[in-house]
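Please open your viewer and get ready to select residues by number.

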Amino acid sequence: MKAIRRFTVRPVLPEPLRTLSDLARNLRWSWHTETRDLFQAVDPEGWQAAEGDPVRLLGSVSAGRLAELALDRRFLRRLSAAADDLQDYLGGGRWYQAQGGELPAAVAYFSPEFGVTAALPQYSGGLGILAGDHLKAASDLGVPLIGVGLLYRHGYFRQSLSRDGWQQEQYPVLDPNELPVSLLREPDGAPSQVALALPGGRSLRAHIWVARVGRVPLLMLDSDVEENGAGERDVTDRLYGGGSEHRLLQEMLLGIGGVRAVRTYCRLTGHPDPEVFHTNEGHAGFLGLERIRELAVGEGLDFDAGLESVRAGTVFTTHTPVPAGIDRFDRELVAHHFGDEGELPGVDVERVLQLGMETYPGGEPNLFNMAVMGLRLAQRANGVSTLHGAVSREMFAGLWPGFDPDEVPITSVTNGVHAPTWVAPEVFRLGARQIGMERTENALSVGGSERWDAVAEIADTEIWDLRRVLREQLVQEVRSRLRASWRQRGASDAELGWVDGVLDPDVLTIGFARRVPSYKRLTLMLRDRDRLMELLLHPTRPVQIVVAGKAHPADDGGKRLVQELVRFADDPRVRHRIVFLPDYGMAMAERLYPGCDVWLNNPLRPLEACGTSGMKAALNGCLNLSVLDGWWDEWFEPDFGWAIPTADGSGTEEDRRDDLESAALYELIEERVAPRFYDRGHGGLPDRWIEMVRRTLVTLGPKVLAGRMVREYVERLYAPAAHAHRALDPDTARELAVWKAGVRAAWPYVHVDHVEALAATAVNGAAELGSTLSLRVRAALGGLRPDDVEVQAVSGRVDSQDRIADAQTYPLKPTGGPDVEGRWVYEGPLALDRTGPYGYTVRILPAHRLLATSADLGLVALPTEATGEGAGVLMR
């Protein structure tokens, strides 16, 4: 029989054990080994059954066991030490508190998904895991962050396989009362609510659940409340589910409702109000509109002044290298939900639409683009690796017409991973034996050193013994999961005797696990199946491969790739050497990364924005074998891994490219990777392999830390954004808005009238290195003053098309004007400091003390060909 109603019966802990509840409700346990060990000691079998979730454990442990523990002095001492340690962690000063300068009082960090722990399944893949690691690293560093997301009642789907290997999805119902979260309540005990206005007089209401991620509160909005209609209750049903309107409502709730949730939380708890708002991908972009509304109501600012104020304190991070990965909505759908009939009454809907419309060459004029809105509402933006920053500048260059892509104001902060979460306890203990527990914790969480030289002192035998232990643990994990998967596929125990022989703890183990969009090329390894079989079954240098990954429920193409891989792995000839594990998630990943010897990544370059799975593997001494994309393009060295050659020229046909790159992959494994692993020295150890493991940890380890990443965000983005926010009080915001409007109105009349070189030009257009060119420019400013603009000379080497590369800029100074036609004269020297083909141009840019970059307005005036005649390319 099926229950007609479900509810949670909470355990009553004896008084001596009450602090167990506090420990369970703060997710620091998910990365703190001693606390997890304490919960395991409560009930080892129950801990395993609860899949490492303390809240579930405490909900199932018997009253008799609790009474027994309440009298166990040794356990109570451990409990007291863990509770004291948590209080020290929460209350003590950390890296952030030791920094000079005026850092933000608080930062609000918005993301559509957060992967903090498997016990709180609110993530689908890398974006969510990155967001969870960001919160955890901010907590370790003491950064006053507030996380903001949605609480999905079904989370992301659980994956299983049919008998023929087709992906199947299940959406288990998540009861917040069984999760490590608590409901935010008003002083009278009533649940706090936020509400959004919907067309037709309807409302979308949401409760606010709070997860404690160490020192960081994570606010999650839940629309499953009784006051909502049936459609509104389902807004937060599934992560990335539903049609366009469903997704739009999710993103309005995340952005607009999220700001209101932050205000509510700060009002109730006394937490400082955020000075900086960080939107992790475009899904939360509507937060800027809500902040503009706040400034209109609270400070009387009009839309333009509010926009300037909001932009100053906003950071936008883009994660996608392809336009297809961005949420885009029909303009009529967006218009329907704003204005007098919906949110932001009194605001002209056209002003809202202008923020997201693709009004640039190649854009779709009727689509509202969430990333475009994110960029227009943020003064600071970044990609998530150096290569991805360059790709993003190219992709969004249309928003800054007239500027070269390298001048587009999108920087990069390369992602990192939260080492205390992803480093296996065995690896941590090895480090602690070498340099002590406190120094090891600090090295993994805060980082700061460029190298981990202490690793160099660890004996080869210790490193190799550790690697085998981790590989053996993975083998056992794989067999357990594989057996469970086959049972779900309908197999009986009598059919599964072969599972006990799957994988070998002494065989080179390659891991591949990620989402399954086509560009990640799950099945590239199957391109030449005979050759792959030879690698798997090699008589002296065999390879074994563990694969995992989920295809999006609506992506049948991705599901076909999963099925293709599964069917190959089902082949009795190779099923002991290659396995596909369904339901890839954090719990699986924590065993998978440490147990692999090599981490494989073979996306279509440059479509991997960062790709952090290889970072997690590297922190456990796993070597990377990857296409030079994302972070690997930035930090690869032959000392600690291998680069798969790519055929990413524009003329290479897709099938041909896959053939070439798969052949390169097979060759690398066959000729370099496997021989290095199996080549034993005098002591029976693979000395050269161990040295690569050591180099991975020494050199790569400190770079891939989320602590390094968050420190960069603080220093390069959050602190400047906070200073800009403080500089823009209401009067200054009005002044800047009026100035920008005046500049935009005048700009059609701003142009370069004449450019001449006054000296140093030699015969036949050549000049000598070290000489100086004196430039004189006549410029029409369209009624603007010289203080409103900057006139620059731009110079550098040129190609055969006279395009300037590696440009340098030199400001020119006004020396006269305006003349009767309103033109000004600018002059300045141009040093010829490079040999070879060389050229220059001049340009006029808006200039104001409050602009973050000279490209801020996307306005530039350049000479025409006639203007520059006679002042052309030098030193050919």
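We will stop at a surface patch, then visit some salt bridges.

Before you click, know that this is a predicted model, in which local features need pLDDT of at least 70, side-chain atom pairs count only at pLDDT 80 or more, and totals for chains, interfaces and linings use all residues. Residues are numbered from 1 along each chain as its sequence is written, and side-chain values use heavy atoms, with hydrogens and water left out.

**Stop 1: a negative patch**

Select E34, D37, E438 and E441: they gather on the surface in a patch of negative charge. Such a patch is made of residues with over 30% relative accessible area and no salt bridge, with like charges joined within 9 Å. Asp and Glu count as negative here, while Lys and Arg count as positive, and the place of a charge is taken as CG of Asp or CD of Glu. Helices are DSSP runs (H or I, at least four residues), and strands are runs of E of at least two, numbered from the N terminus.

Zoom in on E34, which lies in helix 2. Buried means under 20%, exposed over 50%, and partly exposed in between (1.4 Å probe, protein chains only).

**Stop 2: salt bridges**

Side chains of opposite charge can pair when their charged atoms come close. A salt bridge is counted when a side-chain nitrogen of Lys or Arg is within 4 Å of a carboxyl oxygen of Asp or Glu. How many salt bridges does a search of the whole structure find? The search finds 65.

Select R567 and D164, whose side chains form a salt bridge at 4.0 Å, N to O. R567 sits in helix 21 (residues 556–570) and D164 in the loop between strand 3 (158–161) and strand 4 (167–170), so this pair links parts of the chain 403 residues apart.

Next, pick D506 and R468, which meet at 2.7 Å, N to O. D506 is in the loop between helix 19 (460–488) and strand 15 (508–513) and R468 is in helix 19, so the pair ties together parts 38 residues apart in sequence.

R591 belongs to helix 22 (residues 586–595), 114 residues apart from E477. E477 counts as buried at 18% relative accessibility, whereas R591 is partly exposed at 39%.

**Last stop: a network**

Finally, select R521, R527, D655, R657, D658, D659 and E661, which salt bridges link into a network.

Terms used: Patches are made of residues with over 30% relative accessible area and no salt bridge: like charges are joined within 9 Å, nonpolar side chains (Val, Leu, Ile, Met, Phe, Trp, Tyr) within 5 Å. Accessible areas come from the Shrake-Rupley method with a 1.4 Å probe; for residues, only the protein chains shown count as cover.
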